[in-house]
Amino acid sequence: AEIVLAEAHLEGERVIRDASARRVQLINEIQEIKRQKISFEGTLRSMLDNHMKLMDMDSVQITDGSEPVSELPQALIGDEDLDESFTFP
């Protein structure tokens, strides 16, 4: 009976030790995932900011003074070269 009890005690300690090691491993994995999330968010924000700046530059280029240019001038379109089925919005 004492041998069985001692083996059970050792097995219980092994289970606790394994569970503790797994807990530490999971905590480390969670911290790494959090670091990756922060890095991804920073990269995404930077990319979005850059794209917004590009869009702002395009917006500035297609405006003349205070009003946006809504249609291309006829000289640039060249009516004679257009397919009849194609129209500009």
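Me: At 34% relative accessibility, what does R14 count as?

Reply: Start with the classes: a residue is buried under 20% relative accessible area, exposed over 50% and partly exposed in between (1.4 Å probe, protein chains only). R14, at 34%, therefore counts as partly exposed. Before going further, note that this is a predicted model, where local features need pLDDT of at least 70, side-chain atom pairs count only at pLDDT 80 or more, and totals for chains, interfaces and linings use all residues. Residues are numbered from 1 along each chain as its sequence is written, and side-chain values use heavy atoms, leaving out hydrogens and water.

Me: Which side chain meets R14 in a salt bridge?

Reply: The rule asks for a side-chain nitrogen of Lys or Arg within 4 Å of a carboxyl oxygen of Asp or Glu. Here the partner of R14 is D18, at 2.8 Å from N to O. D18 is partly exposed too, with 40% relative accessibility. Both residues belong to helix α1 and sit 4 residues apart, about one turn of the helix. Helices (H or I, at least four residues) and strands (E, at least two) are DSSP runs, numbered from the N terminus.

Me: How many salt bridges does the count come to?

Reply: The count is 4. One of them joins R35 and E32, with 3.1 Å from N to O; these two are 3 residues apart in helix α1, and E32 is partly exposed at 34%. Another links K37 with E41, whose closest N and O atoms are 3.0 Å apart. K37 and E41 are separated by about one helical turn, because they lie 4 residues apart in helix α1. Shared partners also tie E11, R14 and D18 into one network.

Me: Which residues make the nonpolar surface patch?

Reply: Patches use residues with over 30% relative accessible area and no salt bridge, joining like charges within 9 Å and nonpolar side chains (Val, Leu, Ile, Met, Phe, Trp, Tyr) within 5 Å. Areas come from the Shrake-Rupley method with a 1.4 Å probe; for residues, only the protein chains shown count as cover. In this model F40, L44, M47 and L48 form a patch of about 390 Å². L48, a residue of helix α1, is partly exposed at 47%.

Me: What percentage of the residues of the protein count as buried?

Reply: Of its 89 residues, 2% do. The accessible surface comes to about 8,500 Å², with 61% belonging to carbon and sulfur atoms. Along the sequence the pattern is α-β-β-α, from 2 helices and 2 strands.

Me: Where in the protein is confidence lowest, and where is it highest?

Reply: pLDDT is the predictor's confidence in each residue, from 0 to 100. Helix α2 (residues 74–77) is lowest, at a mean of 49, and helix α1 (residues 2–61) is highest, at 94. For the protein, the mean is 81, with 64% of residues at 70 or more. Where pLDDT is low, the predicted coordinates should not be read in detail.
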